[in-house]
Amino acid sequence: MAARKSAKKPNTSKEELLGYYREMLLIRRFEEKAGQLYGMGLIGGFCHLYIGQEAVVVGLEAAAKEGDKRLTSYRDHGHMLACGMDPKGVMAELTGRSGGLSKGKGGSMHMFSKEAHFYGGHGIVGAQVPIGTGLAFADKYKENGGVTFTYFGDGAANQGQVYESFNMAALWQLPVIYVIENNQYAMGTAVKRASSMPDMFKRGESFSIPGEAVDGMDVLAVKEAGQKAADHCRAGKGPYILEMKTYRYRGHSMSDPAKYRTREEVQKMREDHDAIESVRALLLNGKHATEDDLKAIDKEIKAIVNDSAEFAKESPLPAVEELWTDIYA
Amino acid sequence: MATEILMPALSPTMEEGTLAKWLVKEGDTVTSGDVIAEIETDKATMEFEAVDEGIMGKILVAEGTEAVKVNTAIAVLIEEGESADDLAAPAPAAAPAAEAPAPATASAPATPVETVVPEDPEIPEGTEMRKTTVREALRDAMAEEMRSDDSVFLMGEEVAEYQGAYKVSQGLLDEFGARRVIDTPITEHGFAGLAAGAAMGGLRPVVEFMTFNFAMQAIDHIINTAAKTRYMSGGQMTCPIVFRGPNGAAARVGAQHSQDYAAWYAQIPGLHVAMPYSAADAKGLMKTAIRGDNPVVFLENELLYGQSFDVPVMDDFTVPFGKARIWREGSDVTIVSFGIGMTYALEAADKLAEDGISAEVIDLRTLRPLDTDTVIRSVMKTNRCVTVEEGWPVASIGNHISAVLMEQAFDYLDAPVLNMTGKDVPMPYAANLEKLALITTEEVIAAVKAVTYR
């Protein structure tokens, strides 16, 4: 992984940096709490944590405009928080309670928000890719200038429907950004063991879709790439591929012992490339914030996360009648 | 030696066609590969090439003749030195059938008997009726809904410039343009997912599968995306989409192109499933499907496309989902069917009447929601029930009807419910085997006689 040290761009304001710090920290603390609640048996089934990859979604959200759409796989908590969905609603969905964003009927992998233009939360690997392409189709049909950020992983990148989507998106010049979050492992399979050509950003070449690799641990680099891609889409030039080179610190899901990589590998990523630590260093070194300022933010985030956990524990189970609702219009 | 030129079958289901134009005249020399005539099927006008060489001796069927049966001799080729006059008594079947393969009459369903469509409470008395094919009715339904709502669009393979592989979308590109009538690449999984996304994004896609056999490539999006989104989102997100196309056996197209998916999709909560028989129902149900906010699997049938039925001339004729239609009232037995199965059910009922058995025939029209009330009410009257469908016997729609009747009308049954289905085999190609694999009218009649103890 060729991550480069985050170099603060001259035009990055203090407020912007603080915003990134805050949002990335919210995701990390939220996910840590989710892991804790899972261990306590309050969250069931699958639970895929986003810890380590925070810069990808926070950087791209900074490049999005109001009305842009986004959707992703089942590793979706970070995306929801980043686009402004209520942490309480997300956490209560994880615990399967009536206060959850899907009234407890969706679970960790299936949440949506019309307000935040978040279109899931998809549990079938790769299925969100044609769906995101279809959202972009709708934007183009309505000529509303919207762009759809369609996130998927390095594992999904080998699904056939991804290339069916690339073909149609390029053919019809749809405003969709394909964000390949390459966190190096598809569950337990390293990219080089599953991909004959591991450079994911080149996967659109035969469709003439431009692509670029981005240091996904550097939120500023992510934002810059996101803006370039979004400008490309908004100019009517069709789809764009961003390969985000990133890393997940935790297992694929809560039940993954992660024997396929060494503890040292994970530790090295955390020490040398952590996205939150990078922004923290920029803030402190640039004298934009003091340790105390950042501690105050940490405290504030902790309170938000604790409130969400409390809400998720207190919120009642869905009423039994809910079994039979929301099936048909 | 004279060679007969026979009316060719130009599609797997063609039984007759119009000899639109002769491009040669008597006395012309014909070389193999020459286009000698234009033949019109209900789907397209096709050029007809000569296979044999010779001199056009006699044209037996004049141009402009309609309803020329496949395999009818339409002309005779003669050789140098022969005279057309020698052909007064054509050699019986001496000439090899040089043209397209023999027609698939073996497996085509019986021509529908002239059934008087029962009064429909949704159609005001005195409404003008117009003979319309199922194909036209479906097209009209889509066109009407597209006219009234810009968010409705049609997407699929060959739907636009080709005018539809089965000509169901004929004329739609001309009227609505390429923005709303969209030819897709051959990429079912991809375009089904794309359309589901477009539906979530506020549009109302109508997705044509060239046949439902190909929709198996896309079934993840039909079930996991379209059917479950509303539930998984706690009611926030909708996916108003229609997946439509021909379903079930056509004729002589073998195992991978001859499958009835009625029972498959009918099992899925979150989907609506329509499978019309008549043109009026095809139109009314299609309009309801497009307008509704639920994902709909709309199962059509290639063999029914060309059949004509009365369709009411109304500004806005719709048929509700979940309401069966009683096609024929009767007192001795209830025959429950849907889609092309109705062809066998109605023909059986006609023949049974000659034997003094009065059959009530119910067309379910939609399989989800399923109008079990109408079936139960009928069986409470007749005390006997036979179900008819083309699909396989295991976990069939008939099995479900049987279970419902056992649970809710057990005391009214005087005989076991019999499920008449296609045979439990992949569809064979050979004409005789294909005929055996499909349900037949005779089997329906035998089942009715069994349950009525005749």
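Which residues does V448(B) touch, not counting residues up to four places away in sequence? The list runs V333(B), I335(B), A348(B), L352(B), I357(B), A359(B) and V386(B). Keep in mind that you're looking at a predicted model.

**The nonpolar cores**

- V448(B) belongs to the largest nonpolar core, which has 205 residues.
- Six members touch the most other members of that core: M24(A) and I177(A) from chain A, plus I335(B), V386(B), V444(B) and V448(B) from chain B.
- Two of those six, I335(B) and V386(B), are also on the contact list of V448(B).
- Helix α1 of chain A (residues 14-39) gives this core its largest share, 10 residues.
- On the chain B side, domain 2 (131-312) and domain 3 (325-451) each put in at least three residues.
- There's another core apart from this one, with 23 residues, including I5(B), A9(B), M14(B) and L77(B).

**Where chain A meets chain B**

- Across the interface, 32 residues of chain A are in contact with 33 residues of chain B.
- Two helices of chain A, α5 (128-142) and α6 (160-171), each supply at least two residues of the side that touches chain B.
- The largest share of that side comes from α5(A), with 10 residues.
- Sorted by class, the chain A side has 15 nonpolar, 11 polar and six charged residues.

- Take α6(A) and pair it with helix α3 of chain B (residues 188-200): their axes come within 8 Å and cross at roughly 70 degrees.
- Angles of 65 to 115 degrees count as roughly perpendicular, so that's the word for how α6(A) and α3(B) sit relative to each other.
- From α6(A), the residues making the contact are G160(A), Q161(A), E164(A), S165(A) and M168(A).
- Their partners on α3(B) are H189(B), G190(B), F191(B), G193(B) and L194(B).
- By class, the residues of this contact split into three nonpolar, six polar and one charged.

**A contact at I327(A)**

- You'll find I327(A) in the segment after α11 (291-314) of chain A.
- Leaving aside neighbours within four places in sequence, I327(A) is in contact with R230(B), Y231(B), P269(B) and G270(B).
- Is I327(A) buried, exposed or partly exposed? It has 15 other C-beta atoms within 10 Å, so it counts as partly exposed.

**The domains of chain B**

- Chain B is assigned domain 1 (3-86), domain 2 (131-312) and domain 3 (325-451).
- Five residues of domain 1 of chain B are in contact with nine residues of domain 2 of chain B.
- The domain 1 side of that contact is made up of two nonpolar, one polar and two charged residues.

**A mostly covered helix**

- How many residues of helix α2 of chain A (residues 54-63) are buried? Nine of its 10 residues are, so the helix is mostly covered.
- The buried residues of α2(A) are E54(A), A55(A), V56(A), V57(A), V58(A), G59(A), L60(A), E61(A) and A63(A).

- R368(B) and P369(B) are joined by a cis peptide bond, with omega about 0 degrees.
- P369(B) is in the loop between β20 (366-368) and α10 (372-382) of chain B.
- E143(A) isn't a glycine, yet its phi is positive, near 50 degrees.
- With 7 other C-beta atoms within 10 Å, E143(A) is exposed.
- S208(A) isn't a glycine either, and its phi is positive too, at about 60 degrees.
- Look for S208(A) in the loop between α7 (191-194) and β7 (211-215) of chain A.
- S208(A) has 10 C-beta neighbours inside 10 Å, so it counts as exposed.

**An exposed strand residue**

- E66(B) lies in strand β7 of chain B (residues 65-69).
- E66(B) has 10 C-beta neighbours inside 10 Å, so it counts as exposed.
- E66(B) and E40(B) are 26 residues apart in sequence, and their C-alpha atoms are 8.9 Å apart in space.

How values were computed: Residues are numbered from 1 along each chain as its sequence is written. Chains are lettered from A and ligands numbered from 1 in the order in which they are written. This is a predicted model: local features need pLDDT of at least 70, side-chain atom pairs count only at pLDDT 80 or more; totals for chains, interfaces and linings use all residues. Two residues are in contact if their C-beta atoms, placed from the backbone, lie within 7 Å. Helices (H or I, at least four residues) and strands (E, at least two) are DSSP runs, numbered from the N terminus. Ala, Val, Leu, Ile, Met, Phe, Trp, Tyr, Cys and Pro count as nonpolar, Asp, Glu, Lys and Arg as charged, and the others, Gly among them, as polar. A nonpolar core is a set of buried Ala, Val, Leu, Ile, Met, Phe, Trp, Tyr and Cys residues joined through C-beta atoms within 7 Å. A residue is buried if 20 or more other C-beta atoms lie within 10 Å of its own, exposed if 12 or fewer, and partly exposed in between; C-beta atoms are placed from the backbone. Domain bounds come from an automatic or database domain assignment. Axes are lines fitted to C-alpha atoms, for helices over the stretch in contact, and angles run from 0 to 180 degrees between N-to-C directions. Angles under 35 degrees count as roughly parallel, over 145 as roughly antiparallel, 65 to 115 as roughly perpendicular and the rest as oblique.
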